[in-house]
Protein chains: 2
Amino acid sequence: MQRIYFNDVVTRDGFQIEPEFVPTESKVALVDALSRCGYAKVEVTSFTSAKSIPMLRDAEEVMGRIQRVPGVEYTVLVPNVRGAERALESKADEFNLVMSTSETHNLANLRMPRERSFAALKEVVALAEGRVPVNVSLSACFGCPMEGLVPADVVIAWSDRFAELGVRGLTICDTTGMAHPSQVSRLCETLRKRFPGLQLTLHFHNTRGMGLANVLAAAQQGIDRFDGSLGGLGGCPYAPGASGNICSEDAIHMLQAEGYETGIDLTRLLAVARQLPDIVGHDVPGQVAKAGRILDLHPEPDFVADIRSKFA
Amino acid sequence: MQRIYFNDVVTRDGFQIEPEFVPTESKVALVDALSRCGYAKVEVTSFTSAKSIPMLRDAEEVMGRIQRVPGVEYTVLVPNVRGAERALESKADEFNLVMSTSETHNLANLRMPRERSFAALKEVVALAEGRVPVNVSLSACFGCPMEGLVPADVVIAWSDRFAELGVRGLTICDTTGMAHPSQVSRLCETLRKRFPGLQLTLHFHNTRGMGLANVLAAAQQGIDRFDGSLGGLGGCPYAPGASGNICSEDAIHMLQAEGYETGIDLTRLLAVARQLPDIVGHDVPGQVAKAGRILDLHPEPDFVADIRSKFA
């Protein structure tokens with residue numbers, strides 16, 4: 001059985017775009033609940049400025065109050081050296097840095113050219129050296145909503161540059177749900193061959209319904225790390241009404257059915273997922289929390305016994 | 001390029017469980033719109049009794065008013081000989097018969113044991129002989145929400161019996177969204193080898209988020225016929241709030257991205273799909289109608305030009 005390592009990004013990637021501030025207490029309780037489900041990693045929060053992401057303005061307090069479970073890594077998004085200093089003070093287990101492989105997407109999202117982002121992140125990697133492992137999330141690796149297809153060579157070139165800086169891992173992000181399975185297979189095969197020593201994580205969105213098909217395509221290429229968001233929370237500003245991040249529990253449910261070892265206690269995870277609509281105050285896209293697992297059976301309706309005896 | 005033949009079941013499988021009656025005129029207009037999108041088949045309606053499925057009580061009128069496009073087959077659900085006579089009068093191009101591979105599901109859904117269903121459908125096949133081709137949709141082929149896993153041998157045994165009756169095709173239905181991709185691969189491989197002369201169609205639900213992954217698994221085994229429902233309309237009484245049928249346009253969008261030839265004009269189909277929420281009066285699960293196709297690009301935000309020049 002292939003082991004899969006799952007990272008839940010709901011309290012960072014999901015909550016950052018919620019219309020209502022999720023209370024600090026709810027965030028802490030949710031991270032603590034996820035910690036007991038068997039995740040390899042939880043992306044707790046972001047050390048961006050409170051002005052740019054007001055929903056995550058309580059990053060220090062959340063990091064200070066969560067109960068850390070041995071074996072779970074608590075990662076945080078770090079945009080720059082100032083954020084890295086805050087993350088170090090908060091004893092984050094990993095820095096997750098972000099930039100886009102698409103110039104236009106980087107300009108729109110991070111308000112600077114890619115080279116400027118790279119230079120800033122290089123400083124963060126230097127600061128982290130010997131203190132905390134670094135992961136780099138590369139956005140828009142399968143397509144940019146403004147530029148279109150992002151060639152694999154561009155993804156590989158940026159991956160090379162971060163690999164040379166000595167980062168521990170790379171997350172290949174399909175930020176706006178543009179990937180399709182055979183494209184995923186090809187890129188994963190290429191990246192696994194090129195970076196055998198790096199932790200490679202795939203981050204998919206379900207914007208066009210292909211999220212789980214893409215997870216499977218990646219897993220079949222030997223990818224063993226995935227991001228997901230509880231309930232499928234999160235979104236895409238370019239696709240109003242469409243789904244955002246893949247739903248962690250739906251992806252884990254599929255991978256377990258397919259015979260992968262996820263380390264996740266799915267019964268426990270579904271119980272947590274079923275609390276999410278109350279936490280955020282609205283329905284969420286996740287399916288398995290509503291439908292139950294494949295073999296969560298239903299009692300037969302009462303009238304079936306009558307029909308049985310009628311035809312006996 | 002592998003050719004895929006698509007059958008839209010929205011006006012039958014989708015509309016039959018809508019809470020509000022969809023006006024006959026809307027049904028006719030929708031079938032006519034779908035006819036111009038490149039479908040191989042449209043499942044127009046059901047010749048069940050008006051009492052059992054009141055939403056489709058206008059079956060004759062719909063069949064009489066649609067504009068038939070050459071090359072498109074107009075199929076109808078036929079439950080028994082009485083329905084078959086009505087379907088013949090309405091000049092249906094195909095009879096689609098239904099029974100379940102699970103005894104409990106058949107009792108709950110059709111109110112009789114499987115053997116009784118088989119005997120009734122055998123009469124319909126005899127009536128149709130030499131007049132109209134017959135397809136049999138076998139429900140719950142990957143699992144029954146009350147019995148659990150349905151063994152492949154059971155599916156094969158029922159398939160054998162209908163093949164011996166001389167039906168043209170079989171639709172293998174994952175009625176409550178319990179299939180997972182490797183299970184789909186295995187069953188499709190077995191069925192294709194066993195029934196090289198039959199039209200084999202796969203009918204998936206997205207109840208647990210795996211619908212498109214299952215479509216892809218089947219297509220990779222050479223399955224070239226799929227059911228889908230515009231907008232993902234339809235549902236599952238065992239999973240309130242969860243998705244029902246796979247969304248036709250999302251599945252077609254994925255298959256086209258993967259390089260399959262679907263014969264569908266997706267631009268036209270998405271325009272039809274975007275009218276569906278108005279027809280039924282509520283949001284529908286389909287994603288691509290909301291998000292656009294992978295390469296439907298967005299203009300860059302105005303501020304991006306300023307950032308470009310700032311860093312130039």
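## Close-up views of a two-chain predicted model

**View 1. Helix α5 of chain B and the residue that follows it.** Just after α5(B), B:Arg111 takes a positive phi of about 60 degrees. Helices (H or I, at least four residues) and strands (E, at least two) are DSSP runs, numbered from the N terminus. This is a predicted model, in which local features need pLDDT of at least 70 and side-chain atom pairs count only at pLDDT 80 or more, whereas totals for chains, interfaces and linings use all residues. Residues are numbered from 1 along each chain as its sequence is written, chains are lettered from A and ligands numbered from 1 in the order in which they are written, and side-chain values use heavy atoms, with hydrogens and water left out. The buried residues of α5(B) are B:Thr104, B:His105, B:Asn106, B:Leu107 and B:Ala108, where buried means under 20% relative accessible area, exposed over 50% and partly exposed in between (1.4 Å probe, protein chains only). Their cover includes α14 (303-310) of chain A, together with β4, α6 (114-128) and β5 of chain B.

**View 2. The barrel of chain B.** In chain B, a closed barrel of 8 strands runs β1-β2-β3-β4-β5-β6-β7-β8 with parallel pairing, two strands being paired if DSSP finds at least two bridges between them. Neighbouring strands of this sheet are turned by 25 degrees against each other on average, direction ignored. Helix α5 (residues 103-110) of chain B packs on the sheet, touching β4 (94-100) and β5 (134-139) of chain B, and its direction makes about 120 degrees with that of β4(B). Contact here means heavy atoms within 4.5 Å, while axes are lines fitted to C-alpha atoms, for helices over the stretch in contact, and angles run from 0 to 180 degrees between N-to-C directions. Strands β2 (residues 41-46) and β3 (residues 73-77) of chain B run parallel and are joined by 5 bridges, and B:Ser46 has B:Leu77 in β3(B) as its bridge partner.

**View 3. Where the barrel of chain A closes.** Chain A also holds a closed barrel of 8 strands, β1-β2-β3-β4-β5-β6-β7-β8, with parallel pairing. Strand β1 (residues 5-8) of chain A pairs with β8(A) in the parallel sense over 4 bridges, and A:Phe6 stands opposite A:Phe226 in β8(A). Strand β1(A) is also joined by 2 bridges to the parallel strand β2 (residues 41-46) of chain A, where the bridge partner of A:Asp8 is A:Val42. Strand β8 (residues 225-228) of chain A pairs in the parallel sense with β7 (residues 199-203) of chain A over 3 bridges, and A:Thr201 has A:Arg225 as its bridge partner in β8(A).

**View 4. The largest cavity.** The count comes to 5 cavities of 30 Å³ or more, a cavity being a set of points, on a 1 Å grid over the protein atoms alone, where a 1.4 Å probe fits but cannot get out, and lining residues having an atom within 4 Å of a point. About 100 Å³ of space lies in the largest cavity, a volume being the space filled by probe spheres set on the points, which are joined across faces, edges and corners. Of the 16 residues that line the largest cavity, the closest to its centre are B:Asn7, B:Lys41, B:Thr171, B:Thr201 and B:Asp227. Strands β1 (5-8), β2, β4, β5 and β8 (225-228) of chain B each supply at least two residues of this lining.

Conventions:
On a 1 Å grid over the protein atoms alone, a cavity is a set of points where a 1.4 Å probe fits but cannot get out, and a pocket is an open set with protein on both sides within 12 Å along at least five of seven lines; lining residues have an atom within 4 Å of a point.
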